[in-house]
Amino acid sequence: MATACIVGWSHGKFGKLDGETSESLIVKAASEAIAHAGIEPKDIDVIYVGNMNGGFVRQEFHSSLALQTHPDLRFKPSTRVENACATGSAAIHMGLNTLAAGKARFVLVVGVEKMTELNSAQAGEVLIKASYVAEEANIEAGFAGIFGKITSAYFQRYGDKSDALAKIAVKAHKNGAKNPYAHFQKEFTYEFCRNPSDKNPFVAGPLKRTDCSPVTDGAAAVVLADVGTALGLRHAIAFRAAEHVNDFLPMSKRDIVKFEGPQLAWQRALASAKLDLLDLSFVETHDCFTSAELIEYEAMGLTAPGEGERAIHEGWVERDGKLPINVSGGLKAKGHPVGATGVSMHVMAAMQLSGAAPAALQLPKADKAGVFNMGGAAVANYVSILEPLR
Ligand code: COA
C-alpha cells in the first residue's frame with residue numbers, strides 16, 4: 001500500500017560545473033521541481049536539503065539556501081540531512097516520515113553537492129571521512145582505497161573478476177552516452193576498461209580509473225506529497241516500499257564481501273511491496289565502483305554469492321536484459337555528486353515510470369522500479385520500490 005508519492009521533480013546536468021555554487025544549484029533544482037509539480041512555492045510545508053559536504057565547499061550550513069528559491073519559502077522549516085553517499089535518499093526518507101506523521105502535505109527535497117572545487121586527491125580526503133576513521137582512514141587513495149580493499153577480498157574469495165568489472169564499466173558508459181544529464185556522455189571500449197594504461201591507471205587495488213565513479217557537481221530535487229493529495233496532481237509516482245537499514249561502520253565488524261545491509265534492505269523492501277526482484281522493470285543501483293555493482297547483484301538476490309559476474313556476462317542487466325540495471329549510466333557515467341545521488345536515482349526512476357525520460361533513455365516497458373542507494377561501504381542502505389500511482 002503506497003504511503004506517499006513523488007509529484008514533481010527536476011534534474012540538472014551533472015559534471016564539472018564551473019561558475020555554479022551549491023546555492024545556485026539548489027535554487028535551480030528547487031524552483032524547477034516545484035514548477036514541475038504544478039504547485040506554488042507557498043504550498044511547500046517542509047524542506048530537506050541533502051548535502052554531505054565535509055569540506056568540499058566552505059559553506060557548510062545549507063538548509064536555508066533553499067529559501068533563496070522564492071520569497072514565499074521564507075519561514076518554512078528546512079533541515080540539512082547527511083548520511084554519507086546515501087544523503088539524498090536519507091533526505092527523501094525524512095520527507096516520507098514527515099508526510100507519514102501528518103506534518104506536511106508537500107515536502108521539497110533537494111540533493112546537492114559541489115565537489116570539483118577540490119582536486120581528486122583532496123576530494124578523496126573528504127570522502128574517506130565516510131569510513132571508520134579510527135581504523136580505516138590511513139588506507140591510500142581515499143574512498144577508492146576502501147573499495148580497493150573490498151574488491152581484493154572478493155577476488156581472493158571468488159577469483160579475479162576484472163573481466164566482469166570492465167563489462168560493467170562499458171555498460172555504464174554505453175547507457176550514460178544516452179543520458180543528457182550525465183557527467184560522461186561517451187562510450188568506452190571493453191579493451192580500454194579492461195587494460196591498465198596511462199589513461200586508465202590503477203587507482204586502488206584491482207580498481208582502475210574506469211572502475212570508479214567520478215568527482216562531480218550536481219543537484220536534483222523532488223516534491224513529495226501524500227497519496228490523497230497526489231491523486232489530484234499531474235504527476236504521481238508512488239512509493240510501494242521504502243526501507244532503510246544501517247550496518248556497523250567498521251569493516252572489521254563485518255564480512256565486507258557480503259553486503260549484508262544492502263541484502264536486508266532489499267529483502268525487506270521486496271517483502272513489503274509483495275514483489276519478487278524480477279517483477280521490477282529496472283533497477284538503479286549504487287555503482288560508486290564497478291565492484292559495488294557486482295556485489296549488489298548478489299545482495300539484491302539476482303545471483304548467488306560469488307556469481308554476480310553471471311548477470312553481466314549473460315546480459316541480464318543490459319538495457320534489453322531481464323533486469324536492466326543503471327540504464328541512466330549509474331554513478332559511474334552519470335556522476336556521483338554525493339548529496340544529490342540518491343535524489344537523482346529517484347528522479348531517473350520517476351522519469352522512466354512516467355514515460356518522460358529523454359527519448360534515447362526511455363525503456364519500452366517501465367512500470368515498477370527498484371532504487372538502491374548506499375552510504376559508506378554498505379553501511380547506510382536505502383531501497384525504494386516505485387510505481388505509477390495510476
Ligand atoms: N572514470 C572515467 N574517466 C575519468 C574518471 C572516472 N571516474 N575520473 C576522471 N576521468 C577522466 C577525466 O575526464 C580526464 O579525462 P581527459 O584526460 O580525457 O580530460 C582524465 O580521466 C583525468 O581526470 P582526473 O580528474 O585528473 O583523474 P584523477 O586520476 O585525478 O581522478 C579518480 C580519477 C578515479 C581517482 C577520481 O575520479 C576519484 O577519486 N573517484 C572516486 C570518487 C569517490 O570515491 N566517490 C565516492 C564513492 S563512495
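**View 1. Leu108 and the residues it touches.** In this predicted model, Leu108 is in contact with Ala30, Ala33, Ile34, Ile44, Ile47, Ala66, Ala221 and Val223, once its neighbours within four places in sequence are set aside. One of these partners, Ala221, joins Leu108 as a residue with the most contacts inside the largest nonpolar core.

View 2. Domain 1 (4–118 + 215–230) and domain 2 (239–388) both contribute residues, so the core lies between them. In soluble globular proteins, nonpolar side chains tend to be buried together.

**View 3. The shell around the ligand.** Which residues are closest to the ligand? Look for Ser120, Phe143, Cys212, Pro214 and Cys288, out of 16 residues that surround the ligand. Helix H3 (120–127) and helix H5 (142–158) are the elements that each give two or more residues to this shell. By type, the shell divides into nine nonpolar residues, six polar ones and one charged.

View 4. Is Glu309 buried or exposed? Glu309 is buried, because 20 other C-beta atoms lie within 10 Å, and 20 or more is the cut-off for that label. Apart from neighbours within four places in sequence, its contacts are Lys161, Ala164 and Leu294. For a sense of scale, Asp43 is 266 residues from Glu309 in sequence and 48 Å from Glu309 in space, C-alpha to C-alpha.

Note on methods: Residues are numbered from 1 along each chain as its sequence is written. This is a predicted model: local features need pLDDT of at least 70, side-chain atom pairs count only at pLDDT 80 or more; totals for chains, interfaces and linings use all residues. A residue is near a molecule or strand if its C-beta atom, placed from the backbone, lies within 6 Å of it. Helices (H or I, at least four residues) and strands (E, at least two) are DSSP runs, numbered from the N terminus. Ala, Val, Leu, Ile, Met, Phe, Trp, Tyr, Cys and Pro count as nonpolar, Asp, Glu, Lys and Arg as charged, and the others, Gly among them, as polar. A residue is buried if 20 or more other C-beta atoms lie within 10 Å of its own, exposed if 12 or fewer, and partly exposed in between; C-beta atoms are placed from the backbone. Two residues are in contact if their C-beta atoms, placed from the backbone, lie within 7 Å. A nonpolar core is a set of buried Ala, Val, Leu, Ile, Met, Phe, Trp, Tyr and Cys residues joined through C-beta atoms within 7 Å. Domain bounds come from an automatic or database domain assignment.
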